[in-house]
Amino acid sequence: MKHLGFNPYLPFWETVPDGEPHVFDGRVYIFGSHDRLGGTVFCEGDYVGWSAPVDDLGNWRYEGEIYRKEQDPINGAPYVPDHRMKEASASEAGTETAPGYGIPEYDHAFSGDDMHLLYAPDVAKGPDGRYYLYYALDFVNVISVAVCDTPAGKYEFLDYVRKADGTIPQIGRWFDPAILSEKSGNYLYYGFCPPVRFPGMEHLEIPGSMMIRLADDMHTIISEPKCVANGCDTAKGTGYEAHPFFEASSIRRFGDWYYFVYSSLQGHELCYGMAKTPEGPFEYKGVIVSNGDLGLNGNELAVNYTGNNHGGLVQIKDKTYIFWHRQTHGTGFSRQGCADEVQILGDGTIPQIAITSCGLNGGPLPAKGHYETYIACHLTEADRTKVGHVAEPGPEGGAIVIPEEWPYVSEEPIAAESAAAEESAAKENTAAVGNAAAENKGMKPFVYNLRQGAIAGFKYFSFDGTENKMTLELRGSGSIEARLDTPEGTAVASAGTDTSKDTPYLEKPSSGGWKTVSAPLTATEGTHALYFVVTEGRLDFASFEIL
């Protein structure tokens with residue numbers, strides 16, 4: 001029996017953003033960075049592996065830790081160069097040993113000398129059948145390579161991307177690598193194009209996303225860098241002018257077309273260009289997804305508090321998906337991977353899609369069932385004109401301040417007896433939750449701080465007309481309506497907690513205070529979105545069930 005697919009597609013406690021999906025031997029593997037629930041900076045964790053069978057995209061398996069930041073020599077590990085490059089460099093120089101060969105010079109200006117973090121990676125199967133992992137340690141301006149015999153095994157550091165003489169071309173910023181390995185060669189894409197120059201970047205030429213070719217050792221540069229997508233310095237007068245390349249290079253080939261996906265200067269959106277060769281240049285074609293649905297059919301009101309975005313395309317059997325990420329906890333540092341189906345038109349172009357709660361499910365979720373609210377794809381305060389970028393420190397640093405009106409996905413510890421009961425129930429019902437979520441790590445996810453007028457929306461559910469009751473797990477004091485198709489749509493259920501002074505709103509206690517309330521549900525048929533709108537008071541919202 002196939003498992004249901006949700007957004008986010010991994011268990012709620014997992015935070016793997018920047019996801020690059022790849023299909024190897026009948027499974028789709030996700031390679032991304034690793035945030036922390038309630039984190040305060042990007043990418044605090046080491047790389048972990050997750051995979052799912054291509055015919056059951058709700059059944060994700062945890063593959064374990066696949067690479068640690070301490071394995072990179074820049075972070076103190078012993079440096080042993082790949083013997084293939086060492087020998088080639090020595091031969092080219094006419095000496096027995098490679099001249100000046102060691103850890104390359106890297107940028108200390110932005111990150112200092114602390115332990116550097118593992119930022120967004122990508123993986124490709126090389127000509128020798130091994131799997132090559134490319135990454136940058138935050139802003140060191142160097143691309144590292146690790147290698148493994150299996151897609152999600154234990155990767156070992158291999159070497160750095162550079163020329164045979166050990167030098168690294170100083171054009172473009174070596175950041176957010178993407179890798180393509182095919183019969184025509186090995187192509188590496190990289191780049192970071194901020195509108196202002198961070199420390200260490202003041203005099204660097206940054207035209208956009210850059211492409212270089214690699215030798216079959218998968219780390220020796222054999223071509224000069226070439227700009228394939230224009231950044232803000234060079235976008236004027238090009239197709240990229242309104243959506244210049246910022247970061248998050250990603251590359252795929254489908255049929256005769258190569259697709260270059262990237263995050264624009266707007267941050268919340270993944271855009272794309274197309275070319276007939278991997279060397280581009282890629283012609284700008286449009287936006288594929290925004291984590292706030294901005295721009296979708298002219299929409300100017302975000303459906304979520306937006307933040308940066310990074311992901312890639314993948315074809316799985318007869319469908320094509322875009323992987324992207326969302327923000328939780330009201331900040332930019334606890335990101336979760338999501339995915340939605342896209343349509344490739346006859347000319348190869350991809351229209352922008354709406355983000356959903358049912359992502360990889362292959363269609364709407366069955367209305368009858370129990371659903372946790374962390375899968376909301378719409379989460380806004382009452383005044384939607386105020387819904388903007390998630391909270392992050394300012395240019396000078398300092399504390400993160402989340403406005404008091406914001407609702408957001410959070411979690412709290414649950415009592416030991418409740419955790420045991422939940423784990424037991426999950427193991428008995430793996431068709432509903434997936435084998436990776438058979439345990440909730442003692443945490444309870446919920447939507448926090450829904451004040452009057454706030455909205456939590458879910459797309460999509462398939463109703464058969466026999467559903468007649470809804471239960472909601474709430475905390476606080478207030479009333480809430482379930483509405484069809486839009487936040488202003490027809491109300492099909494209404495419920496609430498006791499609004500007397502005896503049940504005041506609880507300010508994020510360690511746990512408890514939850515109440516299950518029920519309401520009759522107006523019969524309906526077909527596929528619909530559900531929007532829960534708080535009409536009075538202030539509530540936390542953990543789950544709902546339709547019967």
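Me: How many bridges join strand 2 to strand 3, and in which direction do the two run?
Reply: Strands here are DSSP runs of E with at least two residues, helices are runs of H or I with at least four, and both are numbered from the N terminus. Two strands pair if DSSP finds at least two bridges between them. Strand 2 and strand 3 (residues 47–53) run antiparallel and are joined by four bridges. In strand 3, S51 is the bridge partner of Y29.

Me: What kind of model is this, and which pLDDT limits apply?
Reply: The model is predicted: local features need pLDDT of at least 70, side-chain atom pairs count only at pLDDT 80 or more, and totals for chains, interfaces and linings use all residues. Residues are numbered from 1 along each chain as its sequence is written, and side-chain values use heavy atoms, with hydrogens and water left out.

Me: How many bridges join strand 1 to strand 2?
Reply: Strand 1 (residues 20–24) is joined to strand 2 by five bridges, and the two run antiparallel. P21 of this pair stands opposite I30 in strand 2. The two strands form a hairpin with two residues between them. D25 lies in that loop and has a positive phi of about 50°, although D25 is not a glycine.

Me: Is D25 buried or exposed?
Reply: Buried means under 20% relative accessible area, exposed means over 50%, and partly exposed lies in between (1.4 Å probe, protein chains only). D25 counts as exposed because its relative accessibility is 69%.

Me: Which residues of strand 2 lie on each of its two sides?
Reply: In a regular strand the side chains alternate between the two faces of the sheet. In strand 2, R27, Y29 and F31 are on one side, V28 and I30 are on the other, and all are buried. Strand 2 (residues 27–31) is thus mostly covered, with five of its five residues buried.

Me: Where does H329 lie?
Reply: H329 is in the loop between strand 18 (319–327) and strand 19 (335–342). H329 has a positive phi of about 65° and is not a glycine. H329 counts as buried because its relative accessibility is 11%.

Me: In what order do the strands of the open sheet stand?
Reply: Four strands form this sheet in the order 9-10-11-12, with antiparallel pairing. Its edge strands, strand 9 (178–182) and strand 12 (226–230), each pair on one side only. Neighbouring strands of the sheet are turned by 25° against each other on average, direction ignored; axes are lines fitted to C-alpha atoms, for helices over the stretch in contact, and angles run from 0 to 180 degrees between N-to-C directions. Five bridges join strand 9 to strand 10 (residues 185–190), and E182 stands opposite G185 in strand 10.

Me: Where is G200 found?
Reply: G200 is in the loop between strand 10 and strand 11 (208–214). G200 counts as partly exposed because its relative accessibility is 39%.

Me: Which residues have the most contacts inside the largest nonpolar core?
Reply: Nonpolar side chains tend to be buried together in soluble globular proteins. A nonpolar core is a set of buried Ala, Val, Leu, Ile, Met, Phe, Trp, Tyr and Cys residues joined through side-chain atoms within 4.5 Å. The largest one has 55 residues, and L472, L530, F532 and F544 have the most contacts inside it. Strand 29 (residues 525–546) gives the most to this core, with seven residues. A second, separate core of 42 residues includes Y79, A124, L137 and W174.

Me: Which residues does L472 touch?
Reply: A contact means heavy atoms within 4.5 Å. Not counting residues up to four places away in sequence, L472 touches residues including I480, A495, V517, F532, F541 and F544. K515, T516 and S543 are also among them.

Me: Which peptide bonds are cis, such as the one that joins G280 and P281?
Reply: The bond between G280 and P281 is cis, with omega about 0°, and P281 is in the loop between strand 15 (269–275) and strand 16 (283–290). The bond from K459 to Y460 is also cis, with omega near -10°; Y460 lies in strand 25 (residues 455–464).

Me: How many helices and strands does the chain have?
Reply: The chain has three helices and 29 strands. Of its 547 residues, 60% count as buried.
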